[in-house]
Amino acid sequence: MTSPAVILPGATLGVLGGGQLGRMFTVAAQTMGYRVVVMDPDPGSPAGALADIHIKADYRDAASLLYMGGLCDAVTTEFENVPATSLEMLAGHCFVAPSPRAVATAQDRLLEKTRAREAGCITAPFANIEDEGFLVHAWSTLEGPALLKTRRLGYDGKGQARVNTLDELVEAYERMGRVPCLLEGLLALDKEVSVVLARNGQGQIAFYPVAENQHRGGILDITIAPARITEAVAEQARSMAAHIVDELDYVGVMAVEFFLLQDGSLVFNEMAPRPHNSGHYTLDACLSDQFQQQVRALCGLPLADTRQLSPAVMVNILGNIWQPVPAWDRLLAHPGVQLHLYGKHEARPGRKMGHYTCLSPNLDDALALAMTTRCELGIGCETGH
Ligand code: AMP
């Protein structure tokens, strides 16, 4: 369905996916006076626990999609691997944003990199690997250490392997299950940064300050906001991200991840068609947060002011530190810390259980607080860089 003029509080919004992103969307929407329907098969889903209605069904279940479409004025998604066909089915009954086409683009590394290049971005050199027959040619075009990445369903560093020889490439491809992949040239990274933005149906775009991301074991560890980059690089990142969302006629919140290389160039890595872990700092540090913007963009409302009120460092809390329970008393003894736990019942290594934001008038002090508290909680005692 095409976008209605505006969807005002009192209406019902739906979200496909009931993880932490869906939960924070639910809070934002309910705070603004909307009712929220969550679809997630997990009865213990973090968002389902807060929703007005939790439809516990598989994302492909036609009857449940029909039920959801009938209840909702508009539906969005909290994860990019939602079947595009489900979004299309819903779109027959209510307004859906982002569009199935935009979500399908972000689901496939080949499509998203091709789109990004069309929008004027530089990407890492890459070669498509559709099947075994493509391996030798792909290796010869890149010549050198490279990363093999599955085209679909990769996240948090999963579905990728570093390869140094053609033999290693062949082995890694077997291990990945011979699914379509990209072979990507290994770049000399200086920093990783992300642009979280919202775009509404009228084409208005609101950017949050560019954030700097550090990973451990392939999973986001901390986000430093604002990123420690020049204004010229920040402007380049915003401008590239704007070209991508304009090109897709995108409606919703999007995160665009870039690599800043040691030679100073900015390279597109990937896009997430939803709020993003690197935008969680906006909950505590900005006038409006990324989830309120998701509601506004979905509802055709003017976007809110994204001004950052305080430097911030966000720290992810993974299930690894439940031994048996983290020392929340020590963490909460720091007045500059804002804690967010997602209501997940079972802590598992690598599972995102929550995050906290360290706030201080000075970014160096916020970073120091992040490092002290990470050490106290048992996340790690390295000093950051
Ligand atoms: P991705 O799943 O594409 O975000 O990759 C996960 C992580 O691997 C990134 O956050 C980078 O730290 C690293 N990485 C990915 N692609 C490259 C590349 N082409 N060159 C160097 N490092 C990369």
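This is a predicted model: local features need pLDDT of at least 70, side-chain atom pairs count only at pLDDT 80 or more; totals for chains, interfaces and linings use all residues.
**Aromatic pairs**

- The structure holds 3 aromatic pairs.
- Tyr59 and Phe79 make one of these, a tilted pair with 5.1 Å from centre to centre and 55° between the planes.
- Tyr59 sits in the loop between β3 (53-55) and α2 (62-71), while Phe79 sits in the loop between β4 (74-77) and α3 (84-91), so their pairing ties together parts that are 20 residues apart in sequence.
- Tyr59 is buried, at 14% relative accessibility, whereas Phe79 has a relative accessible area of 22% and counts as partly exposed.
- Trp322 and Trp328 form an edge-to-face pair, because their planes stand at 70° with the ring centres 5.7 Å apart.

**Nonpolar cores**

- As background, nonpolar side chains in soluble globular proteins tend to be buried together.
- The largest nonpolar core has 26 residues, and those touching the most other members are Ile244, Met254, Phe258, Leu266 and Phe268.
- Two or more residues of this core come from each of α4 (100-107), β10 (189-199), α8 (231-248), β14 (252-261) and β15 (266-272).
- Helix α8 is the biggest contributor to this core, giving 8 residues.
- Leaving aside residues up to four places away in sequence, Phe268 touches Glu112, Lys113, Ala116, Cys121, Ile122, Thr123, Ala124, Ile244, Val256, Glu257 and Phe258.

**Helix α5**

- Helix α5 spans residues 109-118, and its buried residues are Arg109, Leu110, Glu112, Lys113 and Ala116.
- Of these, Glu112, Lys113 and Ala116 are also in contact with Phe268.
- An α-helix has 3.6 residues a turn, so residues three or four places apart point the same way.
- At the N-terminal end, Asp108 caps α5, with a side-chain oxygen 2.8 Å from the backbone nitrogen of Leu110.
- Just after the helix comes Gly120, which takes a positive phi of about 95°.

How values were computed. Residues are numbered from 1 along each chain as its sequence is written. Side-chain values use heavy atoms; hydrogens and water are left out. A nonpolar core is a set of buried Ala, Val, Leu, Ile, Met, Phe, Trp, Tyr and Cys residues joined through side-chain atoms within 4.5 Å. Buried means under 20% relative accessible area, exposed over 50%, partly exposed in between (1.4 Å probe, protein chains only). Helices (H or I, at least four residues) and strands (E, at least two) are DSSP runs, numbered from the N terminus. Contact means heavy atoms within 4.5 Å. Rings of Phe, Tyr and Trp (its six-membered ring) pair if their centres lie within 6.5 Å; planes under 30 degrees apart count as stacked, over 60 as edge-to-face and the rest as tilted. A polar contact is a pair of N or O atoms within 3.5 Å; within protein, one must be able to donate a hydrogen and the other to accept it, and residues adjacent in sequence count only if both atoms are side-chain atoms.
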